[in-house]
Amino acid sequence: MGETGVVFNEAGRRATGQRLLLLELIREAGGHVDADELYRLARERFPRMSLSTVYRNLQLFKRLGLVEDHDFSESHRHYEAKPPREHQHLLCQQCGRIVEFSSPLIAKMKKQMEGEQGFTIKGADVHLVGLCPSCRDRSEAGVE
């Protein structure tokens, strides 16, 4: 159960088999998974899992700080295990590929905004939208 079990206990929640499975699947995904994909993966191991259980637990995980959710200008949200360090995202608007990156410019921007606006910045959620190299090359070659 480990550290995750402690987080659930402190929140007054049990570390059920379904919760632990969902967290494991999010971590195994190694990137960004949406609720429907998580549901499909969970049903492979636990056929009685319901979609509402997936959604309820994603909200719980988010409140407990175990996962982050991202809106990449799509009709659904993507979830990932809380990363050990802040990172940002590049999103290909054609194929949907997501690439994580870090930049010292983000830290500089946060510091600048703290000074100019008086805010205490806790984090930044930046995603840049464009074409990945493969889609850009296909686009330039006139291939759809």
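**Exercise 1. Find the largest nonpolar core and the elements that build it.**

Step 1. The largest nonpolar core holds 17 residues. A nonpolar core is a set of buried Ala, Val, Leu, Ile, Met, Phe, Trp, Tyr and Cys residues joined through side-chain atoms within 4.5 Å. Buried means under 20% relative accessible area, exposed means over 50%, and partly exposed lies in between (1.4 Å probe, protein chains only).

Step 2. Look for the residues with the most contacts inside this core: Leu22, Ile26, Leu38, Val54, Leu58 and Phe61.

Step 3. Now name the elements: α2, α3 (35–45) and α4 (51–63) each give two or more residues to this core. Helix α2 gives the most, with five residues. Helices (H or I, at least four residues) and strands (E, at least two) are DSSP runs, numbered from the N terminus.

Step 4. For background, nonpolar side chains in soluble globular proteins tend to be buried together.

A note on the model: it is predicted, so local features need pLDDT of at least 70 and side-chain atom pairs count only at pLDDT 80 or more, while totals for chains, interfaces and linings use all residues. Residues are numbered from 1 along each chain as its sequence is written, and side-chain values use heavy atoms, with hydrogens and water left out.

**Exercise 2. List the contacts of Val54, leaving aside its neighbours within four places in sequence.**

Step 1. Contact means heavy atoms within 4.5 Å.

Step 2. With those neighbours set aside, Val54 is in contact with Leu22, Ala35, Leu38, Tyr39 and Met49.

**Exercise 3. Check the length of helix α2 and list its buried residues.**

Step 1. Helix α2 covers residues 17–29, which is 13 residues. The expected span is 1.5 Å times one less than the number of residues.

Step 2. That rule gives 18 Å, and the end C-alpha atoms of α2 are 18 Å apart, so the two agree.

Step 3. The buried residues of α2 are Arg19, Leu21, Leu22, Leu23, Leu25 and Ile26. Keep in mind that an α-helix has 3.6 residues a turn, so residues three or four places apart point the same way.

Step 4. Look just after α2: Gly30 takes a positive phi of about 65° there.

**Exercise 4. Describe the largest pocket: its volume, and the residues that line it.**

Step 1. A pocket is found on a 1 Å grid over the protein atoms alone: it is an open set of points where a 1.4 Å probe fits, with protein on both sides within 12 Å along at least five of seven lines, and lining residues have an atom within 4 Å of a point.

Step 2. The largest pocket has a volume of about 190 Å³. Grid points are joined across faces, edges and corners, and the volume is the space filled by probe spheres set on the points.

Step 3. Of its 11 lining residues, the closest to the centre are Glu68, Lys82, Glu86, His87 and Ala124. Strand β2 (residues 67–70) gives the most to the lining, with three residues.

Step 4. Sort the lining by class: two residues are nonpolar, three polar and six charged. Here Ala, Val, Leu, Ile, Met, Phe, Trp, Tyr, Cys and Pro count as nonpolar, Asp, Glu, Lys and Arg as charged, and the others, Gly among them, as polar.

**Exercise 5. Is Cys132 buried or exposed, and what does it touch?**

Step 1. Find Cys132 in the loop between β6 (127–130) and α6 (133–140).

Step 2. Its relative accessibility is 9%, so Cys132 counts as buried.

Step 3. Not counting residues up to four places away in sequence, Cys132 touches Cys92, Cys95 and Arg97. Cys132 and Gly96 are 36 residues apart in sequence, with 9.0 Å between their C-alpha atoms.
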